[in-house]
Amino acid sequence: MNSVWRIGHGAPPATTAGAPWMAALDAAAAAWRLGTPTSRTSGTTGDPVLHAYHPDAVRASALATARHFGLENKGLTAWSALPASGTGGSMMVWRALILDWDLTVSKPAAAPVAPPARSADGRYGFAVATPMQACHLMESGQLQRFHLLLLGGGPLSPDLEEQLHREGTRCGCALHHGFGMTETLTHIATRPLGSPRYLPLPGVSLRSNAAGALIVDAPGRGVHQLVTQDAIAWDDGDAPGAFRWLGRLDDVINSGGLKVHPAALERELSAVLDPVMKGRRWYVTGRADAQLGERIAVVVEGKADSVMAAAALEALSGKGATRPRDVEFVSRFEETDTGKVRRRPLA
């Protein structure tokens, strides 16, 4: 079968089958066995960078995930359709080898097909997906093939999160959103869909600096005082290290002295903009303005549509000082290899 790659507990050793995506998975497995695990950054905020990891750091990340979710049992069935070119896809291979999991990888695609798991109930105990893949899994009735599905690779729109949470509850699939980066070997915290609150994994210590940037310490992963560009707000009253993600500091728009986090504003505006956009992707960014310094604009994917632009501005008219003042169109959003949208300032 040339659309599925398997490795781990009870599975035969992986061998290169010719397809480049399979060869990349073989290479990830071989790198682990040789003690030279490497992966590349996604390229969301710059050119992709190759990272080499100490095997102990990879092992610490894998064990933290297992403890965090209570998945330390050998032979657990796992699934992914992430490419091995990114850290998320490579880590699934390395987790399977470290934890003795039975991993099935489907051909990476926006609309993946997950075959029934080789388990008593035909469901996977742990799986990972991007938000776009999760949307397809939901719409195609495949969420019921997973006990736990961890999402990563980008933020979730409130509308999609609500749909996934509702459908996951109905079919018994627990969905979580991960927070992490290449330098930390994927997620350092997760939150269940339906809650904005992230909880750190074992072995992870978090704090923030005066600018509100998250600082990560995960000694087992070789991470010491990593200052990120992520703006967070603490929500750790009954759980040390719990936080809410506001957005990236390098995306902040300074409009007339107001500091606006685009990701937070997008979540706030989605209820009024999503119906107007009719399924098109959009994001918020800043544009140079002589009076405000920057004014807020909405960038929409697809052919320019003056009626849609007018309807969007009308829907935003009551949103106060932080409302977008412009609607711009680009024919197609630029994406990274792992499907993340590259935000570009308009001017």
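The questions below concern aromatic rings and strand pairing in this predicted model.

Q: Is the pair formed by the rings of F69 and F126 stacked, edge-to-face or tilted?
A: A search of the whole structure finds nine aromatic pairs. In the pair of F69 and F126, the ring centres lie 6.1 Å apart and the planes meet at 45°. Planes under 30 degrees apart would count as stacked and those over 60 as edge-to-face, so the pair of F69 and F126 is tilted.

Q: How many residues apart in sequence are the parts that the pair of F69 and F126 ties together?
A: F69 belongs to helix α2 (residues 55-69), whereas F126 belongs to strand β6 (residues 126-129).

Q: Is F69 buried or exposed?
A: The relative accessible area of F69 is 15%, and a residue counts as buried when this value is under 20%. F69 is therefore buried.

Q: Which strand is joined to β18 by five bridges?
A: Strand β17 (residues 282-289) runs antiparallel to β18 and is joined to β18 by eight bridges, and β17 and β18 form a hairpin with three residues between them. The strand with five bridges to β18 runs parallel to β18, and its residue V330 stands opposite E301. That strand, residues 326-330, is β19.

Q: Which helix does the chain pass through as it crosses from β18 to β19?
A: The crossing from β18 to β19 is a β-α-β crossover, and it is right-handed. The helix on this path spans residues 306-315 and is α7.

Definitions and conventions:
Residues numbered from 1 in each chain as written. Predicted model: local features only at pLDDT ≥ 70, side-chain atom pairs only at ≥ 80, totals over all residues. Heavy atoms only, no water. Phe/Tyr/Trp six-rings, centres within 6.5 Å; stacked < 30°, edge-to-face > 60°. Helix = DSSP H or I, 4+ residues; strand = E, 2+ residues; numbered from the N terminus. Buried < 20%, exposed > 50% of the residue type's maximum accessible area, 1.4 Å probe, protein only. Pairing = 2+ DSSP bridges. Right-handed = clockwise from strand over helix to strand, strands pointing away.
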